[in-house]
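Subject: Structure handover

Hi,

Here is the structure for you to look through. My notes follow below it.

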Amino acid sequence: MPVREVRIIMGEHKEMSEIIIQIDGKEVKAAEGMTVLEAAQSADIFIPTLCHYEKLEPYGVCRICTVEAEVRGWTKLVAACLYPIEQDLVVRTRSEKVDKIRKMILEFLLAHAPCSPQLQDLAQEYGADKDRFEKESSFCFLCGLCVRYCAEVEKKNAVGFVNCGARREIRFILEIALKECNSCKECFPLCPTSYLQAAFVLTESLAFPRDSSQTALMK
Amino acid sequence: MAAGYTFEPRILGFLCNWCCYAGADLAGVSRYQYPPNIRVIRLMCSGRVDPAHIFRAFSTGQDAVFIGGCHLNDCHYVTHGNYGALGMVYICKKLLEHIGLNPERLRLEWVSAGEGIRFANIMNEFGPRIEKLGPLGKGEGIDEHELKFKLEAVTKLIPYIKLVQSERLRVSVRTEEAYNKFFTSEEFNRLFNELIIDKLALYLHVSARNQDIGTVVVDNDKIDRIINKHQGKAGSLVQVLLEIQHENHWLPQDVLDRISKKLDVPLSRVMQIVTFHKTFSLIPEESNE
Amino acid sequence: MPRINSASELEELRKGVLSERDPHKPCIAICAGMGCLGVSNGRVISAFEEEVNKKDLKTKVDIRATGCHGYCEKGPMVVIYPEEICYVEVTPEDVPEIVSQTVLGKKVIDRLIYTDPDTGEKAAHQSEIPFYKNQMRHLLGNNTKIDPRSIDDYLAVGGYFALSKSLFEMSPEEVLEEIKKADLRGRGGGGFPAGRKWETARNAPGKEKYVIVNAHEGELGAYMDRAIFTGNPHSVLEGLIIGAYAIGSHQGFIYTRHDSPQLKNNIDIALAKAEEYGLLGENILGSGFDFHVEVHLDIGIFVSGESSALMRSIEGNIPEPRPKYIRTSVSGIWGKPSDLNNVETWANVPLIINKGSEWYTGTGTERSKGTKLVSLSGNIVNTGVAEVPFGTTIREIVYGIGGGIPNGKKLKAVHFGGPMGGSIPESLLDTPLDFDELAKLGAPIGAGSMLVLDEDTNMVDLARYFLKFLSDESCGKCVPCREGIRQMLRILANISGGKGREGDIERLEEISEVTGSASLCALGKTAADPLLSTLRYFRDEYEANIENMKCLSEK
């Protein structure tokens with residue numbers, strides 16, 4: 001369930017108080033219920049993200065925002081966009097382990113979409129080699145920004161995920177897409193590769209008309 | 001060949017204004033003879049030729065398409081459009097091959113403005129070559145309707161193919177060697193097959209199947225009964241789908257639409273669940289239960 | 001059947017049931033578990049019914065199609081009470097002889113009893129057969145005496161006494177304390193202390209709480225949950241109701257597989273009967289405690305056994321896990337505190353309440369108390385479900401109960417935990433069965449499936465097999481799991497196909513490090529564990545494969 005709703009439930013029983021945590025040695029004051037990413041952003045500390053977007057619920061699937069979180073002597077690796085802050089939390093946004101993870105995640109994704117500008121920027125920083133892994137044909141890396149935007153903001157659910165595991169992909173729902181998308185397309189600029197546009201035109205082309213006129217489907 | 005009938009191939013040529021068209025013009029002025037079957041369309045740059053033009057040409061009865069441009073690295077435009085033409089032609093040739101047509105029907109040549117005789121020689125070679133190959137489709141032994149269907153399918157997929165090409169099938173270094181190396185590589189073959197051929201095959205399969213299935217008769221009462229049994233709760237979506245799959249052995253699209261409406265869940269969520277695991281079947285085949 | 005409204009009424013009913021049963025009356029107990037069904041014991045059951053009818057013995061002899069006896073290798077199994085004579089691999093043709101010779105004539109038929117393949121020794125009684133002798137059957141023992149479709153059978157062996165004791169003699173806090181003192185650890189694979197989980201759910205804010213039985217059992221090679229749930233569903237149900245009472249929950253869920261019709265059938269019948277008798281539903285046993293149970297089926301994917309994915313599925317969504325930064329016992333189904341436990345864990349609860357935590361902690365090791373069900377499969381003589389106390393060494397299980405390796409082969413390794421576990425090599429076979437001991441060796445006990453591997457097993461192929469399974473069954477949501485498994489599979493396919501390159505092992509270790517630390521859920525985090533454990537103990541097999549390639553390419 002979305003992190004924010006849990007915060008509201010917990011807030012009913014505790015007062016929303018201010019918490020002091022440490023990020024990269026810096027003391028940061030943040031409100032209870034914030035995630036590590038939100039706290040870092042409020043203190044102008046940068047943590048890279050790929051599947052995160054302010055208008056949407058955090059998804060936590062790209063895992064590139066992984067940071068080291070230490071509390072009560074235990075250190076663990078968590079996704080900053082989802083992990084709720086707590087008192088005495090010590091966060092390290094860069095470390096050998098974290099950098100290794102980020103480098104490999106980038107290399108995984110570059111095998112799919114080497115031309116993505118977001119990936120290329122980060123690849124430089126972490127020394128990721130785009131030829132490390134064999135090239136994959138699908139250039140979508142399933143960040144879910146398009147699916148979530150259409151579900152949460154537009155509330156049209158014109159595009160969704162299908163299949164599971166390595167065969168997971170996005171797909172437009174033909175009837176809804178033909179009706180809604182041409183006047184909207186607000187998700188298009190969110191796509192870090194251009195797979196979304198490719199999937200959309202593919203959907204349009206696969207609209208196999210029972211008779212050869214396209215207008216039959218546009219009702 | 002039947003007596004009294006000679007096949008006159010129809011060739012469409014896209015010639016770039018600066019080099020090839022001038023070269024063709026020079027050939028004409030210098031009275032170099034070449035077969036009259038080529039109809040010429042003048043463009044500003046060979047890079048302007050779109051796969052849609054090529055396939056429209058084939059769909060409207062041309063037997064061959066010729067593209068002429070400036071020599072590589074001599075393009076009159078800063079954008080080096082002729083490299084674009086080169087990449088595009090590699091892909092179109094593969095597509096032609098896939099639908100059963102001889103890829104030699106599409107030809108790309110670099111002819112400069114002063115190479116009039118070269119232009120004539122090329123045409124003198126190309127024309128008879130196409131004559132030998134025979135009319136489009138008939139020469140390869142493809143049925144006329146099937147060919148029309150397949151050409152239509154490729155034409156519909158062109159916007160997708162172009163996006164895929166610009167994102168995934170491009171070469172970063174602009175040299176003839178790099179282009180040739182990439183487009184003849186294993187990697188290109190694999191990516192091309194997975195990204196384009198698979199989608200084309202899917203399209204052909206879907207449309208063929210749609211023709212086979214025709215209209216599906218769905219027992220709405222039975223569906224409603226199952227939905228009501230679970231009190232129409234959104235949380236029982238999975239249980240409803242399982243029961244219908246068990247009874248009906250497959251899930252027609254209309255049933256999914258109905259479930260989506262009655263349980264008030266977005267169709268994308270229903271689709272996600274039914275494609276998630278092979279438990280569900282979207283085609284009327286025996287499920288493995 | 002009027003509902004039972006008090007503890008004393010329950011005991012009255014129990015006395016009544018027992019008084020109608022003559023302990024000396026012959027009873028033919030035929031195993032109707034999943035394994036035996038597969039070898040058409042249905043025909044054996046009908047053959048007995050036919051024979052008994054023919055000989056006009058219906059009132060003199062009981063026939064009972066019971067739950068799984070456990071010794072799946074030797075099915076169809078028949079036990080004749082009260083002598084407890086046990087016949088193995090019974091065919092319908094044997095039935096007339098059994099009825100006339102053993103049931104009526106009280107004579108043992110030599111050719112049908114168990115023969116030890118090594119010593120030739122025969123054993124006529126179930127308790128003498130090595131497979132059973134070396135077990136401690138607290139949970140499974142009743143399976144041979146109960147028809148899972150009959151609630152009276154369960155009452156006859158003392159069923160639902162724990163429930164009435166909890167409701168009338170103990171407060172919810174006392175029940176919780178007892179489970180905590182017993183140190184009951186989760187039997188589904190996590191090994192997390194159940195008492196602590198119950199406490200978190202109990203103390204979590206909110207009035208609506210849920211309890212869930214995880215009967216998904218997706219782990220490859222694990223079939224013990226099915227044995228106990230199909231064979232004795234009331235034991236699990238009783239545990240669930242007691243747990244709900246302790247936590248303060250009034251709604252329970254049973255999440256089970258969609259492809260086990262017999263299990264679902266038995267669960268439905270058990271729920272209906274319990275409700276009829278007033279042991280479930282409104283005002284249970286007149287105590288004022290309400291509790292209802294819903295059954296949910298899965299869609300068939302392995303990841304839906306993961307607790308947060310399971311809860312998503314119950315909500316009607318896709319079974320996708322979510323990170324457990326906020327525990328599911330605090331926020332689970334629809335955001336309400338939800339306690340999820342495995343079938344075997346729930347089955348232990350009535351036992352603890354009946355006999356007390358002190359008795360319970362008398363069995364097992366320092367940190368792993370009680371017994372564990374293990375399902376033996378692979379290259380082993382005796383396949384089946386066995387119940388052993390924690391602390392039993394793996395050697396004792398494999399040889400003492402499992403009967404060793406067939407065809408005179410040597411043991412190479414024992415694999416625990418399926419696709420998320422690891423292998424123990426022969427040299428470490430004297431390790432005691434214990435959550436922590438096995439975890440230290442990189443082979444966590446998981447749900448208890450033991451895959452026994454002989455010397456002909458290729459460990460590289462084994463790792464690849466498990467990884468391929470996970471690749472098909474992963475939800476594909478997060479990058480490290482989806483992409484990491486994909487890339488590791490590629491390298492493994494190369495290695496086992498003889499195309500391994502120098503540095504492949506290091507690459508595998510690097511990828512598994514990222515997948516293990518950055519994945520969203522336990523599936524991704526432990527996906528590389530079988531691979532890592534085979535690398536730990538059988539690294540030479542990988543290196544040999546790569547060496548071969550190197551030699552070939554250098555030539």
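One definition to begin: a residue is buried if 20 or more other C-beta atoms lie within 10 Å of its own, exposed if 12 or fewer, and partly exposed in between, with C-beta atoms placed from the backbone. This is a predicted model: local features need pLDDT of at least 70, side-chain atom pairs count only at pLDDT 80 or more, and totals for chains, interfaces and linings use all residues. Residues are numbered from 1 along each chain as its sequence is written, while chains are lettered from A and ligands numbered from 1 in the order in which they are written.

Asn73(B) counts as exposed because it has 12 C-beta neighbours inside 10 Å. Its phi is positive, about 75°, although Asn73(B) is not a glycine. Look for Asn73(B) in the loop between strand 3 (64–69) and helix 3 (81–98) of chain B. (Helices are DSSP runs of H or I with at least four residues, strands are runs of E with at least two, and both are numbered from the N terminus.)

Tyr160(C) also is not a glycine, and has a positive phi of about 65°. Tyr160(C) counts as buried, with 27 C-beta neighbours inside 10 Å. The loop between helix 6 (151–156) and helix 7 (161–169) of chain C holds Tyr160(C).

Chain C has cis peptide bonds to check. One runs from Gly75(C) to Pro76(C), with omega near -10°. Pro76(C) sits in the loop between strand 2 (62–66) and strand 3 (78–81) of chain C. Another runs from Tyr81(C) to Pro82(C), with omega near 5°. Pro82(C) belongs to the loop between strand 3 and strand 4 (85–87) of chain C.

The sheet in chain C

Four strands of chain C make an open, parallel sheet in the order 9-8-7-10. Two strands pair if DSSP finds at least two bridges between them. Strand 7 (residues 210–215) and strand 10 of chain C run parallel and are joined by five bridges. Asn214(C) has Asn342(C) in strand 10 of chain C as its bridge partner.

Domains of chain C

Chain C is split into domain 1 (21–126), domain 2 (159–361), domain 3 (371–454) and domain 4 (459–554). These bounds come from an automatic or database domain assignment. The centres of domain 2 and domain 4 of chain C, taken over C-alpha atoms, are 36 Å apart.

Chain B

Chain B has eleven helices and four strands. Its radius of gyration is 26 Å, well over the 19 Å that the globule rule gives for 289 residues, so chain B is more spread out than a compact globule. The radius is taken over C-alpha atoms, and the rule is 2.2 Å times the number of residues to the power 0.38. The C-alpha trace of chain B spans about 85 × 50 × 30 Å along its principal axes. Of the 289 residues of chain B, 40% count as buried.

Interfaces

How many residues of chain C are in contact with chain A? There are 26, against 28 residues of chain A. Contact means that C-beta atoms, placed from the backbone, lie within 7 Å. Helix 19 (479–496) of chain C gives the most to this side of chain C, with six residues. Towards chain B, ten residues of chain C are in contact with twelve residues of chain B.

Best wishes

Conventions:
Contact = placed C-beta atoms within 7 Å.
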